[in-house]
Amino acid sequence: MTQFFNTLDRIVARLCDLVLLVASALVVGLVFFMVIARYVLEMSIVGIDEIALMSAIWLYMVGAMVASRRAEHLVVDFLPQRLSSPLLLKLHQRAVALLMIGASAFFIHLAWDMMEFGIKRPQETPGLGLPELISLSAVALASVVCFAYAVRDLVTGRACHNPKEPEDV
């Protein structure tokens, strides 16, 4: 069973890397093109900003998934640095994981509400007519994946970037 989850984790990591690469290239390339087109060529192309914005949303959400996978999400490490007892440190790690599960569950709830609204009242971007569900699906996916990694951290007791433990390579 552990091998299954390790394989699944590697597949998710590779997909995330691919999405991050494509989204980064799109954001940089399209924003650069918009600046050149507007200020050098003195023209504006409809819809390029919509694609750049959707790519940026996917970039941010998949970046949050990668941070959760690596347990490098935003964390205050003042307390774990001061804890000398291994038991207290493990309890702290579990408490952080529980907080992340709660935050991720709330994130899922909000994403579900947004997706539900987007399905009941479909909206499109004004320039290209792209469905807003493209952006909303990035938020929904990130919420579920971040929740799964928070559960992993609770079960395994994995530290959130604990400076006292050697880093995984």
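Trainee: How far is the sulfur of Cys16 from the closest cysteine sulfur?

Mentor: First, the ground rules. This is a predicted model, where local features need pLDDT of at least 70, side-chain atom pairs count only at pLDDT 80 or more, and totals for chains, interfaces and linings use all residues. Residues are numbered from 1 along each chain as its sequence is written, and side-chain values use heavy atoms, leaving out hydrogens and water.

A disulfide is a covalent bond between the sulfur atoms of two cysteines. The cut-off here is a sulfur pair within 2.5 Å. The sulfur of Cys16 lies 9.3 Å from the closest cysteine sulfur, in Cys146, so it is too far for a bond. The structure holds zero disulfides.

Trainee: Is Cys16 buried or exposed?

Mentor: Buried means under 20% relative accessible area, exposed over 50%, partly exposed in between (1.4 Å probe, protein chains only). Cys16 is buried, at 7% relative accessibility. Cys146 is buried too, at 9%.

Trainee: Which residues touch the most other members of the largest nonpolar core?

Mentor: Such a core joins buried Ala, Val, Leu, Ile, Met, Phe, Trp, Tyr and Cys residues through side-chain atoms within 4.5 Å. Here Cys16, Met61, Val62 and Met65 do, out of 15 residues. Helices α1 (2–39), α2 (48–69), α4 and α5 each supply at least two residues; helices are DSSP runs (H or I, at least four residues), numbered from the N terminus. The largest share, seven residues, comes from α5.

Trainee: At what angle do α4 and α5 cross?

Mentor: Axes are lines fitted to C-alpha atoms over the stretch in contact, with angles from 0 to 180 degrees between N-to-C directions. The axes of α4 (residues 86–120) and α5 (residues 133–156) come within 8 Å and cross at roughly 160°. That makes α4 roughly antiparallel to α5 (over 145 degrees).

Technical notes. Parallel < 35°, antiparallel > 145°, perpendicular 65-115°, else oblique.
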